[in-house]
Amino acid sequence: MKQQRSPKKKLSLVTWISTFGGLLFGYDTGVVNGALPYMAASDQLNLTPVTEGLVASSLTFGAAFGAIIGGQFSDKKGRRKLIMYLAVMFFIATIGCSIAPNIEVMVISRVLLGLAVGGASVTVPAYLSEMSPANRRGRMVTMNELMIVTGQLMAFTFNAILATTFGDVSHIWRYMLVIATLPAVILWFGMLVMPESPRWLASKGRFGEALAVLLQVREKEEAHEEIEEIKQHLEEDAIQKARWKDLSIPWIRRIVFIGIGIAVVQQITGVNSIMYYGTQILKNAGFGTQAAIVGNIANGVISVAATFVGIWLLGKIGRRPMLTIGLIGTTSALTLIGIFSYVLEGSAALPYVVLSLTVTFLAFQQGAISPVTWLMLSEIFPLKLRGLGMGVTVFCLWITNFLVGFSFPILLDAFGLSNTFFMFAVLGIGAIIFVRKVLPETKGYSLEQLEYFFKNHVKFK
């Protein structure tokens, strides 16, 4: 008779398989960084600063709508089922990007890829949040953030290998893009054997199936206690179909406002100007194309290392102080990039100074801001509206991402490196004020407790 995996091992397997959605999210957003210089060549897609911004940001535009659609679909059909559909979409859209003969096909394919990225950015954290016990939720959900930055590091590394080995091949960017089909296949096959979210099953009245899932990922006594807590919660607040008008209920409206604020804060740091245009930033500072692509590996390495630190810190300190420290660090790094780009303009030292400061920026961004963002968005919404609520807030995140991604090469061309980063530094100051004035502390509470606190206006500790 086959021995059943221990609950901890099963939880680890669930985490690793489902976060391949995050890996794809990271690879597909990071790969354009090294692919753009080759894609932009006159004998390829012949990109201008405007069309360059359009190609890079079209994915995030699609992701905004993927978040909305994905959130609603996951509430209706289930988290696991949607993740499987997204794996298929990742595969098809990646092929479309890889064979695109012109800008139009590339942009359409990137929008479709964005739908998959947006759906994954909502569904995977929600799935992990609902699968995890309260004392492990922080670490489990932020594993998705680790996989996102790992995907970006993979993209930067493969870009560098291909650029240095086959840099004279003009269509090398197509090979950079097509690699993303492999994790899409792994995600689809892996999710075939993963369980559905127990909280989603319970919300549909399928308590027997929900308990069966909990028994796979909890000790027996803990599983029975948790299903009773979920049942009691559902009896007190009978689950109806999530509706848009529910978002106007005052206590839910407050959560939506907080969620949108967290989402916008993560993006106005300008993180994706570095993740999408790191090669152009380093070229602008003085590196050659191949050196800039290789230099981006440092950005990827520090992102992964910082995320490990962030996962550890989430078990030690609160969400609010962690987010505040991260924003102070990123804002300081942006200000210094602006100052040194002005003071050292044209000097041999500038590219190395800029690279060291982008690495510093990413240490604070990926070690504090991004893990807290995705964790809080997955835990603040009530079960009834988790998919829809996350969809709305992540829509705003991706729209902000799109605006940053589209405008960055235009701002860089019009105002230069120094002034562009000063603009992001000013936005960072506003983000710090928002976090200190508005954000509640959610560490240490179950999802049901958080919903009770918001609904009954209980003051957070």
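Mentor: In this predicted model, helix 13 (residues 250-268) packs with helix 17 (residues 350-379) at an angle of about 155°, and their axes are 10 Å apart. Angles over 145 degrees count as roughly antiparallel, so helix 13 and helix 17 are roughly antiparallel to each other. The crossing of helix 13 with helix 17 is left-handed. On the side of helix 13, the residues in contact are G259, I262 and Q266. They meet Q365, I369, S370, T373, W374, M376 and L377 of helix 17. By type, the residues of this contact comprise five nonpolar, five polar and no charged.

Helix 5 (residues 79-99) and helix 9 (residues 181-191) have axes 9 Å apart and pack at an angle of about 160°. Helix 5 and helix 9 are therefore roughly antiparallel to each other as well. Helix 5 and helix 9 also form a left-handed crossing. Helix 5 contributes R80, I83, M84, A87, V88, F90, F91, T94 and I95 to the contact, while helix 9 contributes T181, A184, V185, L187, W188 and M191. Among the residues of this contact, twelve are nonpolar, two are polar and one is charged.

V309 lies in helix 15 (residues 289-314). V309 counts as partly exposed because its relative accessibility is 46%. Along the chain, V309 and A40 are 269 residues apart, and their C-alpha atoms are separated by 37 Å.

Key
Residues numbered from 1 in each chain as written. Predicted model: local features only at pLDDT ≥ 70, side-chain atom pairs only at ≥ 80, totals over all residues. Heavy atoms only, no water. Helix = DSSP H or I, 4+ residues; strand = E, 2+ residues; numbered from the N terminus. Buried < 20%, exposed > 50% of the residue type's maximum accessible area, 1.4 Å probe, protein only. Axes fitted to C-alpha atoms, helices over the stretch in contact; angles between N-to-C directions. Parallel < 35°, antiparallel > 145°, perpendicular 65-115°, else oblique. Left-handed = near helix turned anticlockwise from the far one by under 90°. Contact = heavy atoms within 4.5 Å. Nonpolar A, V, L, I, M, F, W, Y, C, P; charged D, E, K, R; others polar.
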